[in-house]
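Here's a walk through one protein model, from single residues to the whole fold. Keep the 3D view open and find each residue as you read.

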Amino acid sequence: MAAPIHFDVLVIGSGASGLAAAVAAERKGARVALATKGSLQSCNSAKAQGGIQAAFGDDDSPELHADDVWRSSHETADRRLVDVLTTEATDAIHWLEELGVQFTRDNGGYRLARCGGASRKRLLQVGDRTGHAITTALRDAVEASSTETLPKSPLRSLERTASGWRARCGEHELEAAAVVLAAGGRCYREAEERGELSTNHPGATGEVTRIALDLGAEARDLDALQYHPNGGAWPSNMQGYSIPETTRAYGAVLLNADGEEFTDSLGPRDQVSQAIFDEVAKGKGVETPDGRPAVALDTTRIAEEDAEISLPYMLRRYRAAGIDPLKERILTYPVLHYQNGGLVIGTDAETTLEGLFACGEIAGGTHGRNRMMGNSLLECCVFGRRAGRAAAEKAK
Ligand SMILES: Cc1cc2nc3c(=O)[nH]c(=O)nc-3n(C[C@H](O)[C@H](O)[C@H](O)COP(=O)(O)OP(=O)(O)OC[C@H]3O[C@@H](n4cnc5c(N)ncnc54)[C@H](O)[C@@H]3O)c2cc1C
(Lines give C-alpha, C1' and ligand atoms only; values in the text may rest on other atoms or scores of the structure.)
Protein backbone atom coordinates (compact mmCIF):
# COMPACT_ATOMS: atom_id res chain seq x y z
CA MET A 1 0.00 0.00 0.00
CA ALA A 2 1.32 3.47 -0.98
CA ALA A 3 1.92 6.21 1.63
CA PRO A 4 -1.27 8.05 2.70
CA ILE A 5 -2.42 10.95 0.53
CA HIS A 6 -3.32 14.08 2.53
CA PHE A 7 -6.42 16.24 2.07
CA ASP A 8 -8.20 18.86 4.13
CA VAL A 9 -11.62 17.23 3.73
CA LEU A 10 -12.52 13.68 2.78
CA VAL A 11 -16.12 13.08 1.66
CA ILE A 12 -17.51 9.54 1.64
CA GLY A 13 -20.31 8.94 -0.89
CA SER A 14 -21.38 10.49 -4.21
CA GLY A 15 -25.12 11.00 -3.68
CA ALA A 16 -26.62 14.48 -3.50
CA SER A 17 -25.38 15.07 0.04
CA GLY A 18 -21.76 14.04 -0.63
CA LEU A 19 -21.61 15.98 -3.88
CA ALA A 20 -23.07 19.08 -2.20
CA ALA A 21 -20.56 18.78 0.66
CA ALA A 22 -17.65 18.43 -1.77
CA VAL A 23 -18.72 21.49 -3.79
CA ALA A 24 -19.17 23.59 -0.63
CA ALA A 25 -15.87 22.51 0.94
CA GLU A 26 -13.89 23.15 -2.23
CA ARG A 27 -15.47 26.58 -2.63
CA LYS A 28 -14.27 27.36 0.90
CA GLY A 29 -10.72 26.72 -0.29
CA ALA A 30 -10.26 23.18 1.04
CA ARG A 31 -8.33 20.42 -0.75
CA VAL A 32 -11.08 17.83 -1.09
CA ALA A 33 -11.21 14.12 -1.93
CA LEU A 34 -14.48 12.32 -2.57
CA ALA A 35 -14.39 8.51 -2.28
CA THR A 36 -17.38 6.41 -3.21
CA LYS A 37 -18.29 2.75 -3.35
CA GLY A 38 -19.22 2.32 -7.01
CA SER A 39 -19.28 4.73 -9.91
CA LEU A 40 -19.79 8.43 -9.17
CA GLN A 41 -23.30 8.10 -10.64
CA SER A 42 -24.37 5.23 -8.38
CA CYS A 43 -26.62 6.44 -5.54
CA ASN A 44 -30.25 6.71 -4.39
CA SER A 45 -30.35 10.45 -5.01
CA ALA A 46 -30.29 10.04 -8.78
CA LYS A 47 -33.36 7.76 -8.57
CA ALA A 48 -35.48 10.39 -6.81
CA GLN A 49 -38.36 11.35 -9.03
CA GLY A 50 -40.98 13.36 -7.19
CA GLY A 51 -39.32 16.58 -6.14
CA ILE A 52 -37.83 18.82 -3.48
CA GLN A 53 -39.69 20.99 -0.97
CA ALA A 54 -39.18 24.74 -0.44
CA ALA A 55 -41.70 27.37 0.70
CA PHE A 56 -42.07 29.52 -2.43
CA GLY A 57 -45.88 29.77 -2.48
CA ASP A 58 -47.49 33.15 -1.69
CA ASP A 59 -49.46 31.49 1.10
CA ASP A 60 -46.45 29.60 2.45
CA SER A 61 -43.50 30.25 4.78
CA PRO A 62 -40.52 28.38 6.29
CA GLU A 63 -42.50 28.31 9.55
CA LEU A 64 -45.45 26.51 7.94
CA HIS A 65 -43.01 24.11 6.29
CA ALA A 66 -41.39 23.46 9.69
CA ASP A 67 -44.81 22.88 11.29
CA ASP A 68 -45.62 20.27 8.62
CA VAL A 69 -42.31 18.47 9.21
CA TRP A 70 -42.91 18.51 12.95
CA ARG A 71 -46.44 17.14 12.61
CA SER A 72 -45.45 14.49 10.05
CA SER A 73 -42.61 13.35 12.30
CA HIS A 74 -45.20 12.93 15.10
CA GLU A 75 -43.21 15.54 17.04
CA THR A 76 -40.06 13.43 17.09
CA ALA A 77 -37.80 15.56 14.84
CA ASP A 78 -35.01 17.78 16.15
CA ARG A 79 -36.57 21.27 15.97
CA ARG A 80 -33.20 23.00 15.50
CA LEU A 81 -32.44 20.91 12.42
CA VAL A 82 -35.97 21.38 11.08
CA ASP A 83 -35.68 25.16 11.38
CA VAL A 84 -32.37 25.15 9.48
CA LEU A 85 -33.86 22.85 6.82
CA THR A 86 -36.90 24.98 6.13
CA THR A 87 -35.25 28.41 6.55
CA GLU A 88 -32.46 27.60 4.07
CA ALA A 89 -34.68 25.78 1.57
CA THR A 90 -35.23 28.63 -0.90
CA ASP A 91 -31.54 29.54 -0.83
CA ALA A 92 -30.65 25.90 -1.57
CA ILE A 93 -32.98 25.96 -4.59
CA HIS A 94 -31.31 29.12 -5.94
CA TRP A 95 -27.90 27.51 -5.38
CA LEU A 96 -29.01 24.48 -7.41
CA GLU A 97 -30.23 26.80 -10.15
CA GLU A 98 -26.84 28.52 -10.26
CA LEU A 99 -25.34 25.07 -10.77
CA GLY A 100 -27.66 24.49 -13.73
CA VAL A 101 -30.81 22.75 -12.39
CA GLN A 102 -33.89 23.95 -14.28
CA PHE A 103 -37.00 23.43 -12.19
CA THR A 104 -40.31 23.00 -14.01
CA ARG A 105 -42.13 26.33 -14.26
CA ASP A 106 -45.79 27.28 -14.63
CA ASN A 107 -47.22 30.74 -15.35
CA GLY A 108 -43.89 32.41 -14.68
CA GLY A 109 -43.35 30.77 -11.25
CA TYR A 110 -42.32 27.31 -10.10
CA ARG A 111 -44.77 24.50 -10.68
CA LEU A 112 -45.58 23.55 -7.07
CA ALA A 113 -47.37 20.38 -5.94
CA ARG A 114 -48.71 19.41 -2.52
CA CYS A 115 -47.09 16.31 -1.10
CA GLY A 116 -48.28 13.98 1.64
CA GLY A 117 -48.51 15.67 5.05
CA ALA A 118 -48.07 19.18 3.61
CA SER A 119 -50.49 22.03 4.31
CA ARG A 120 -49.40 23.97 1.19
CA LYS A 121 -48.25 23.34 -2.38
CA ARG A 122 -44.50 23.30 -1.88
CA LEU A 123 -42.91 20.60 -4.02
CA LEU A 124 -40.65 21.77 -6.86
CA GLN A 125 -39.98 19.30 -9.64
CA VAL A 126 -37.85 18.73 -12.68
CA GLY A 127 -40.45 16.68 -14.56
CA ASP A 128 -40.28 13.39 -12.67
CA ARG A 129 -36.46 13.09 -12.81
CA THR A 130 -35.69 15.62 -10.07
CA GLY A 131 -32.94 13.61 -8.41
CA HIS A 132 -31.28 12.90 -11.73
CA ALA A 133 -31.23 16.62 -12.58
CA ILE A 134 -29.86 17.61 -9.16
CA THR A 135 -27.11 14.97 -9.05
CA THR A 136 -26.07 15.69 -12.65
CA ALA A 137 -25.60 19.40 -11.85
CA LEU A 138 -23.75 18.69 -8.60
CA ARG A 139 -21.53 16.05 -10.23
CA ASP A 140 -20.67 18.43 -13.08
CA ALA A 141 -19.64 21.01 -10.47
CA VAL A 142 -17.47 18.48 -8.62
CA GLU A 143 -15.84 17.25 -11.81
CA ALA A 144 -15.09 20.82 -12.92
CA SER A 145 -13.42 21.57 -9.57
CA SER A 146 -10.10 20.57 -8.04
CA THR A 147 -11.77 17.81 -6.00
CA GLU A 148 -10.07 14.43 -6.36
CA THR A 149 -12.74 11.82 -7.10
CA LEU A 150 -12.11 8.19 -6.16
CA PRO A 151 -14.79 5.84 -7.57
CA LYS A 152 -14.81 2.14 -6.66
CA SER A 153 -13.18 3.06 -3.34
CA PRO A 154 -15.51 1.99 -0.52
CA LEU A 155 -14.67 3.16 2.97
CA ARG A 156 -13.37 0.10 4.80
CA SER A 157 -11.90 1.62 7.96
CA LEU A 158 -11.58 4.94 9.72
CA GLU A 159 -9.38 5.88 12.64
CA ARG A 160 -8.40 9.00 14.51
CA THR A 161 -4.93 10.47 14.14
CA ALA A 162 -3.26 13.35 16.01
CA SER A 163 -4.35 15.81 13.30
CA GLY A 164 -7.64 14.32 12.08
CA TRP A 165 -8.55 11.01 10.44
CA ARG A 166 -6.97 8.19 8.47
CA ALA A 167 -9.26 6.27 6.13
CA ARG A 168 -8.85 3.21 3.98
CA CYS A 169 -11.01 3.55 0.87
CA GLY A 170 -10.59 0.61 -1.48
CA GLU A 171 -6.92 0.60 -2.48
CA HIS A 172 -6.30 4.12 -1.15
CA GLU A 173 -5.00 5.21 2.23
CA LEU A 174 -6.11 8.79 2.85
CA GLU A 175 -5.62 11.31 5.65
CA ALA A 176 -7.80 14.34 6.22
CA ALA A 177 -8.36 16.92 8.92
CA ALA A 178 -12.14 16.44 8.64
CA VAL A 179 -14.33 13.69 7.20
CA VAL A 180 -17.91 14.02 5.88
CA LEU A 181 -19.91 10.79 5.93
CA ALA A 182 -22.52 10.92 3.15
CA ALA A 183 -22.95 7.22 2.46
CA GLY A 184 -26.75 7.06 2.56
CA GLY A 185 -29.04 4.55 4.26
CA ARG A 186 -29.37 0.78 4.49
CA CYS A 187 -32.74 -0.14 2.99
CA TYR A 188 -31.35 -2.30 0.19
CA ARG A 189 -29.60 -4.61 2.66
CA GLU A 190 -32.52 -4.51 5.10
CA ALA A 191 -34.98 -5.52 2.36
CA GLU A 192 -32.76 -8.38 1.25
CA GLU A 193 -32.56 -9.66 4.82
CA ARG A 194 -36.36 -9.44 5.19
CA GLY A 195 -37.01 -11.01 1.79
CA GLU A 196 -38.86 -7.86 0.70
CA LEU A 197 -38.69 -5.45 -2.21
CA SER A 198 -36.90 -2.12 -1.93
CA THR A 199 -36.71 1.03 -4.03
CA ASN A 200 -33.03 1.45 -3.14
CA HIS A 201 -29.87 0.98 -5.19
CA PRO A 202 -27.59 -1.94 -4.24
CA GLY A 203 -25.02 0.34 -2.56
CA ALA A 204 -27.49 1.24 0.23
CA THR A 205 -26.10 -1.21 2.76
CA GLY A 206 -25.27 0.88 5.84
CA GLU A 207 -21.72 -0.26 6.66
CA VAL A 208 -20.49 3.32 7.05
CA THR A 209 -23.01 3.91 9.83
CA ARG A 210 -21.61 0.82 11.52
CA ILE A 211 -18.03 2.19 11.21
CA ALA A 212 -19.15 5.48 12.84
CA LEU A 213 -21.00 3.67 15.64
CA ASP A 214 -17.92 1.54 16.34
CA LEU A 215 -15.90 4.77 16.69
CA GLY A 216 -18.39 5.91 19.34
CA ALA A 217 -20.65 8.24 17.34
CA GLU A 218 -24.21 8.50 18.64
CA ALA A 219 -27.24 7.60 16.54
CA ARG A 220 -31.01 8.01 16.88
CA ASP A 221 -34.15 6.38 15.48
CA LEU A 222 -32.16 3.76 13.58
CA ASP A 223 -35.07 1.32 13.94
CA ALA A 224 -37.45 3.71 12.12
CA LEU A 225 -37.46 2.56 8.50
CA GLN A 226 -39.92 4.07 6.06
CA TYR A 227 -42.14 2.22 3.61
CA HIS A 228 -42.95 4.15 0.45
CA PRO A 229 -46.74 3.78 0.26
CA ASN A 230 -46.70 3.20 -3.49
CA GLY A 231 -44.31 0.53 -4.65
CA GLY A 232 -45.24 -0.87 -8.05
CA ALA A 233 -46.98 -4.23 -7.54
CA TRP A 234 -47.72 -5.21 -11.14
CA PRO A 235 -46.48 -5.90 -13.81
CA SER A 236 -43.56 -7.84 -12.38
CA ASN A 237 -40.89 -5.63 -13.94
CA MET A 238 -42.35 -2.65 -12.04
CA GLN A 239 -42.14 -4.40 -8.65
CA GLY A 240 -39.93 -2.28 -6.37
CA TYR A 241 -40.39 0.81 -8.55
CA SER A 242 -41.52 3.76 -6.45
CA ILE A 243 -44.57 5.31 -8.09
CA PRO A 244 -44.00 9.04 -7.48
CA GLU A 245 -46.06 10.57 -4.72
CA THR A 246 -46.80 13.31 -7.23
CA THR A 247 -49.34 10.91 -8.81
CA ARG A 248 -51.40 11.47 -5.67
CA ALA A 249 -50.49 15.17 -5.56
CA TYR A 250 -52.03 15.47 -9.04
CA GLY A 251 -55.24 13.63 -8.18
CA ALA A 252 -54.68 9.86 -8.04
CA VAL A 253 -56.39 8.13 -5.09
CA LEU A 254 -56.02 4.78 -3.39
CA LEU A 255 -58.95 2.37 -3.77
CA ASN A 256 -59.73 -1.02 -2.23
CA ALA A 257 -61.17 -4.08 -4.01
CA ASP A 258 -64.67 -2.52 -3.83
CA GLY A 259 -63.44 0.68 -5.47
CA GLU A 260 -63.76 2.63 -2.18
CA GLU A 261 -61.33 5.30 -0.98
CA PHE A 262 -60.12 3.95 2.36
CA THR A 263 -57.63 6.63 3.44
CA ASP A 264 -56.51 10.21 2.83
CA SER A 265 -54.18 9.57 -0.10
CA LEU A 266 -52.13 12.64 0.83
CA GLY A 267 -51.67 11.82 4.51
CA PRO A 268 -48.21 11.36 6.08
CA ARG A 269 -46.34 8.41 4.56
CA ASP A 270 -46.44 6.08 7.55
CA GLN A 271 -50.21 6.54 7.89
CA VAL A 272 -50.88 5.88 4.21
CA SER A 273 -48.66 2.78 4.21
CA GLN A 274 -50.33 1.47 7.38
CA ALA A 275 -53.79 2.06 5.90
CA ILE A 276 -52.82 -0.09 2.88
CA PHE A 277 -51.43 -2.86 5.11
CA ASP A 278 -54.64 -2.76 7.18
CA GLU A 279 -56.94 -2.81 4.14
CA VAL A 280 -55.17 -5.84 2.72
CA ALA A 281 -55.26 -7.55 6.15
CA LYS A 282 -59.07 -7.00 6.22
CA GLY A 283 -59.32 -8.91 2.94
CA LYS A 284 -60.16 -5.78 0.98
CA GLY A 285 -57.00 -5.75 -1.14
CA VAL A 286 -56.54 -6.73 -4.76
CA GLU A 287 -54.28 -9.65 -5.60
CA THR A 288 -51.73 -9.27 -8.40
CA PRO A 289 -51.65 -11.95 -11.14
CA ASP A 290 -48.59 -13.47 -9.39
CA GLY A 291 -50.39 -13.61 -6.04
CA ARG A 292 -48.94 -10.57 -4.30
CA PRO A 293 -50.98 -8.24 -2.07
CA ALA A 294 -51.95 -4.86 -3.54
CA VAL A 295 -54.54 -2.10 -3.67
CA ALA A 296 -55.44 0.06 -6.67
CA LEU A 297 -54.09 3.52 -7.37
CA ASP A 298 -56.60 5.29 -9.57
CA THR A 299 -54.24 7.23 -11.81
CA THR A 300 -56.99 7.79 -14.40
CA ARG A 301 -58.02 10.83 -12.31
CA ILE A 302 -54.78 12.67 -13.19
CA ALA A 303 -55.30 15.33 -15.85
CA GLU A 304 -53.41 14.48 -19.03
CA GLU A 305 -51.57 17.82 -19.03
CA ASP A 306 -50.36 17.36 -15.43
CA ALA A 307 -49.18 13.83 -16.26
CA GLU A 308 -47.31 14.96 -19.35
CA ILE A 309 -45.55 17.80 -17.53
CA SER A 310 -44.88 16.20 -14.17
CA LEU A 311 -45.01 12.42 -14.69
CA PRO A 312 -43.52 11.69 -18.13
CA TYR A 313 -40.99 9.12 -16.91
CA MET A 314 -43.60 7.20 -14.90
CA LEU A 315 -45.93 7.16 -17.92
CA ARG A 316 -43.13 5.91 -20.19
CA ARG A 317 -42.20 3.12 -17.79
CA TYR A 318 -45.77 1.86 -17.40
CA ARG A 319 -46.69 2.23 -21.06
CA ALA A 320 -43.54 0.28 -22.02
CA ALA A 321 -44.78 -2.43 -19.65
CA GLY A 322 -48.16 -2.52 -21.42
CA ILE A 323 -50.26 -0.44 -18.99
CA ASP A 324 -51.47 3.10 -19.61
CA PRO A 325 -51.99 4.70 -16.15
CA LEU A 326 -54.20 7.40 -17.64
CA LYS A 327 -56.61 4.75 -18.94
CA GLU A 328 -56.52 2.13 -16.18
CA ARG A 329 -55.80 1.90 -12.46
CA ILE A 330 -52.41 0.55 -11.42
CA LEU A 331 -51.64 -1.88 -8.60
CA THR A 332 -49.50 -0.79 -5.68
CA TYR A 333 -48.22 -1.95 -2.27
CA PRO A 334 -45.80 -0.35 0.22
CA VAL A 335 -42.11 -1.01 -0.32
CA LEU A 336 -39.06 -0.46 1.92
CA HIS A 337 -37.66 2.93 1.00
CA TYR A 338 -35.85 5.14 3.51
CA GLN A 339 -33.89 5.14 6.76
CA ASN A 340 -35.53 7.87 8.85
CA GLY A 341 -32.96 7.85 11.64
CA GLY A 342 -29.17 7.95 11.61
CA LEU A 343 -26.13 9.58 13.16
CA VAL A 344 -26.85 12.40 15.60
CA ILE A 345 -25.70 15.76 14.18
CA GLY A 346 -25.71 19.40 15.24
CA THR A 347 -26.79 22.28 13.02
CA ASP A 348 -23.39 22.31 11.26
CA ALA A 349 -23.78 18.57 10.56
CA GLU A 350 -21.01 17.58 12.97
CA THR A 351 -21.61 14.21 14.61
CA THR A 352 -20.93 13.67 18.29
CA LEU A 353 -17.29 13.05 17.30
CA GLU A 354 -15.23 16.16 16.60
CA GLY A 355 -14.18 16.56 12.97
CA LEU A 356 -16.55 13.84 11.78
CA PHE A 357 -19.55 15.21 9.88
CA ALA A 358 -22.63 13.44 8.49
CA CYS A 359 -25.28 14.59 6.02
CA GLY A 360 -28.11 13.15 3.98
CA GLU A 361 -29.81 9.85 4.75
CA ILE A 362 -26.98 8.65 7.02
CA ALA A 363 -27.84 11.44 9.51
CA GLY A 364 -30.82 11.42 11.88
CA GLY A 365 -33.04 14.02 13.52
CA THR A 366 -34.22 16.20 10.65
CA HIS A 367 -37.22 13.99 9.91
CA GLY A 368 -37.61 12.35 13.31
CA ARG A 369 -39.26 8.95 12.86
CA ASN A 370 -41.24 9.75 9.70
CA ARG A 371 -39.91 11.76 6.76
CA MET A 372 -42.11 13.79 4.45
CA MET A 373 -41.60 13.33 0.76
CA GLY A 374 -39.34 15.94 -0.87
CA ASN A 375 -37.44 16.74 2.30
CA SER A 376 -34.61 14.30 1.73
CA LEU A 377 -33.19 15.93 -1.39
CA LEU A 378 -33.59 19.21 0.47
CA GLU A 379 -31.75 17.85 3.51
CA CYS A 380 -28.92 16.65 1.21
CA CYS A 381 -28.46 20.14 -0.20
CA VAL A 382 -28.94 22.16 3.00
CA PHE A 383 -26.90 19.95 5.32
CA GLY A 384 -24.47 18.81 2.61
CA ARG A 385 -23.49 22.44 2.09
CA ARG A 386 -23.32 23.06 5.83
CA ALA A 387 -21.18 19.95 6.36
CA GLY A 388 -18.80 20.89 3.54
CA ARG A 389 -18.36 24.45 4.79
CA ALA A 390 -17.91 23.44 8.44
CA ALA A 391 -15.47 20.64 7.53
CA ALA A 392 -13.39 23.08 5.46
CA GLU A 393 -13.41 25.51 8.39
CA LYS A 394 -12.32 22.75 10.77
CA ALA A 395 -9.39 21.90 8.49
CA LYS A 396 -7.98 25.44 8.64
C1 LIG B 1 -36.57 5.58 -5.89
C2 LIG B 1 -36.40 6.72 -4.93
C3 LIG B 1 -37.15 7.87 -5.07
C4 LIG B 1 -36.99 8.95 -4.21
N5 LIG B 1 -37.68 10.11 -4.39
C6 LIG B 1 -37.41 11.18 -3.61
C7 LIG B 1 -38.00 12.44 -3.90
O8 LIG B 1 -38.74 12.61 -4.85
N9 LIG B 1 -37.69 13.48 -3.08
C10 LIG B 1 -36.84 13.37 -2.02
O11 LIG B 1 -36.59 14.36 -1.32
N12 LIG B 1 -36.27 12.18 -1.74
C13 LIG B 1 -36.52 11.09 -2.51
N14 LIG B 1 -35.91 9.91 -2.25
C15 LIG B 1 -34.99 9.83 -1.13
C16 LIG B 1 -33.69 10.50 -1.48
O17 LIG B 1 -33.42 10.39 -2.85
C18 LIG B 1 -32.52 9.89 -0.73
O19 LIG B 1 -32.82 9.62 0.57
C20 LIG B 1 -31.36 10.86 -0.73
O21 LIG B 1 -31.13 11.31 -2.04
C22 LIG B 1 -30.15 10.21 -0.14
O23 LIG B 1 -29.03 10.96 -0.50
P24 LIG B 1 -27.64 10.61 0.17
O25 LIG B 1 -26.65 11.48 -0.49
O26 LIG B 1 -27.75 10.66 1.63
O27 LIG B 1 -27.42 9.06 -0.20
P28 LIG B 1 -27.31 8.34 -1.61
O29 LIG B 1 -27.85 9.15 -2.70
O30 LIG B 1 -27.84 6.97 -1.43
O31 LIG B 1 -25.74 8.26 -1.82
C32 LIG B 1 -24.93 7.48 -0.95
C33 LIG B 1 -23.59 7.31 -1.62
O34 LIG B 1 -22.68 6.67 -0.71
C35 LIG B 1 -22.02 5.60 -1.38
N36 LIG B 1 -21.59 4.63 -0.41
C37 LIG B 1 -22.32 3.70 0.27
N38 LIG B 1 -21.51 2.96 1.04
C39 LIG B 1 -20.25 3.43 0.88
C40 LIG B 1 -18.96 3.07 1.38
N41 LIG B 1 -18.79 2.04 2.23
N42 LIG B 1 -17.89 3.79 0.98
C43 LIG B 1 -18.00 4.83 0.08
N44 LIG B 1 -19.20 5.18 -0.44
C45 LIG B 1 -20.31 4.50 -0.04
C46 LIG B 1 -23.06 5.11 -2.38
O47 LIG B 1 -22.47 4.35 -3.40
C48 LIG B 1 -23.63 6.45 -2.87
O49 LIG B 1 -22.82 7.02 -3.85
C50 LIG B 1 -36.06 8.83 -3.13
C51 LIG B 1 -35.31 7.66 -2.97
C52 LIG B 1 -35.46 6.62 -3.86
C53 LIG B 1 -34.64 5.39 -3.67
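Start with Glu75, which is exposed, at a relative accessible area of 54%. For that label, exposed means over 50% relative accessible area, buried means under 20%, and partly exposed is in between, using a 1.4 Å probe and the protein chains only. Glu75 sits in the loop between α2 and α3. Its phi is positive, about 60 degrees, even though Glu75 is not a glycine. The helix and strand names are DSSP runs numbered from the N terminus: helices are H or I with at least four residues, strands are E with at least two.

Asp221 also has a positive phi, about 55 degrees, without being a glycine. You'll find Asp221 in the loop between β11 (219-220) and β12. Is Asp221 buried or exposed? Its relative accessibility is 16%, so Asp221 counts as buried.

## About the model

This is a predicted model, where local features need pLDDT of at least 70 and side-chain atom pairs count only at pLDDT 80 or more, while totals for chains, interfaces and linings use all residues. Residues are numbered from 1 along each chain as its sequence is written, and side-chain values use heavy atoms, with hydrogens and water left out.

## The whole protein

How many helices and strands does the protein have? Its secondary structure comes to twelve helices and 18 strands. The radius of gyration is 21 Å, close to the 21 Å that the globule rule gives for 396 residues, so the protein is as compact as a globular protein of that length. That radius is taken over C-alpha atoms, and the globule rule is 2.2 Å times the number of residues to the power 0.38. Along its principal axes, the C-alpha trace spans about 65 × 45 × 40 Å.

Of the 396 residues, 61% are buried. Now for contacts, which means heavy atoms within 4.5 Å. Among contacts between residues at least 6 apart in sequence, 72% join residues at least 24 apart. The accessible surface comes to about 15,100 Å², and 45% of it belongs to carbon and sulfur atoms. Such areas come from the Shrake-Rupley method with a 1.4 Å probe, and for residues only the protein chains shown count as cover.

## Helix α3 and its neighbours

Helix α3 covers residues 79-87, and its buried residues are Leu81, Val82, Val84, Leu85 and Thr86. What do these buried residues pack against? Their partners are α2 (62-72), α4 (89-98), β18 (363-364) and α12 (375-395).

## Far apart in sequence

Arg389 and Lys28 are 361 residues apart in sequence, yet their C-alpha atoms are 6.4 Å apart in space. Leaving out residues up to four places away in sequence, Arg389 touches Ala24, Ala25, Lys28 and Glu88.

Ala395 lies in helix α12 too, and it is partly exposed at 22% relative accessibility. The C-alpha atoms of Ala395 and Phe7 are separated by 9.1 Å, although the two residues are 388 apart along the chain. With residues up to four places away in sequence not counted, Ala395 touches Asp8 and Ala177.

## Two loops to look at

Gln49 is in the loop between β2 (32-35) and β3 (52-53). Gln49 is buried, with 8% relative accessible area. Setting aside neighbours within four places in sequence, its contacts include Gly127, Asp128, Arg129, Thr130 and Tyr241.

Next, look at Pro235, in the loop between β12 (225-234) and α8 (246-249). The peptide bond from Trp234 to Pro235 is cis, with omega near 0 degrees.

## Cysteines without disulfides

A disulfide is a covalent bond between the sulfur atoms of two cysteines. Here it is called as a pair of cysteine sulfur atoms within 2.5 Å, and a search of the whole structure finds zero.

Cys43 is buried, at 8% relative accessible area. For Cys359, the closest cysteine sulfur is again in Cys380, 7.3 Å away and too far for a bond. Cys359 counts as buried, at 0% relative accessibility.
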